[in-house]
Amino acid sequence: MPAKLTRSRRGRAQRRAVAAALLVALLGSACAAESTDGAGGPKADRGPEARKEAGAAGALAARAARIKRDQTARAAAAKKWGLARTPLAAPPPPAVKPKITTRKGFEVEGQESMPPVFTTVPVKEKVVFLTIDDGAEKDPDLLRMMSDLRIPYSAFLSDYVINDNYAYFQRMQDRGVSLHNHTLNHRYLPGLSYAAQKREICDQQDKLEKRYGKRPPLFRPPYGNYNRDTLRAARSCGVKAVPLWAAEAFPDHMEWREWDRDLHPGDIILTHFRGSDEWKGSMPDLIRKVMKTVTDKGYAVAKLEDYV
Ligand SMILES: [Zn+2]
């Protein structure tokens, strides 16, 4: 490069650009060499098929590296937050969501045209789903802990307990959590008329949409109690599915729906936004306890909305 040019501003910029390009090329070839290690002869000898394979291998290696990085971060977070073991990484989300039908014995009349009611998502993999209800306790540690641990969960919110601090759940949504419907006032729905149920469910749909910009696709009736009017009302205002739960988590124990008192692939776990004033521990205590159960049994927590 002529000296005259290198002295100019433009020359320096060009040199920096060339150096940057060289660095990218070097890094690129290093990655390619690593990812295609043992896959065949020198690059120049390969046809388009081999190059395509090398590309796929590179993508796979990049994914493996990302998973490893994630798991390293999760292990550090587990230590920081005092978890007994590092939570397991969930498999990639399914390309196609499973077809969900209403659990046997949970149907109402005309169920075929209603949103499905279920306690377990039909999957083969050892994943479970974590759902947290109501919204009374608004612990900032929970937000930090779950982000650090990279554990997905879904929130089912009742207006009467979140209305003193909507912003907390906005922060939750900003961290990738989906907010769903758990009625305005947490009433026993089968005791209400269709019109009153519709107000409880559909007014909360409107409120959540107005507040958080998304209309919730999921609805959970308080106490898990519903009748035909509940599902009709929910259907009328855009509810797609009604996930109940297979197990309920507390800071000191689990309660099980099934006779075998165990987790199963696709089980939905329910717990609540509650503080030490309401039960035996803080939200982080609760997460430590439920994650110990989940991890000890060899399950990973996956994101409900990836499957439903
Ligand atoms: Zn509730």
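Me: What counts as two strands pairing, and how many bridges join strand β2 to β8 here?

Reply: Two strands pair if DSSP finds at least two bridges between them. Strands are DSSP runs of E, at least two residues, and helices are runs of H or I, at least four residues, both numbered from the N terminus. This is a predicted model, in which local features need pLDDT of at least 70, side-chain atom pairs count only at pLDDT 80 or more, and totals for chains, interfaces and linings use all residues. Residues are numbered from 1 along each chain as its sequence is written. Strand β2 (residues 127-134) runs parallel to β8, with 5 bridges between them; L130 has I269 of β8 as its bridge partner.

Me: Which residue of β8 is the bridge partner of A247?

Reply: That partner is I269. Strand β6 (residues 247-249) and β8 are parallel and joined by 2 bridges.

Me: Which residues of helix α4 are buried?

Reply: In α4 (residues 140-149) they are L142, M145, M146 and L149. Their arc around the axis is only 95°, which puts them on the same side of α4; the arc is that of the directions from the helix axis to the C-beta atoms.

Technical notes. A residue is buried if 20 or more other C-beta atoms lie within 10 Å of its own, exposed if 12 or fewer, and partly exposed in between; C-beta atoms are placed from the backbone.
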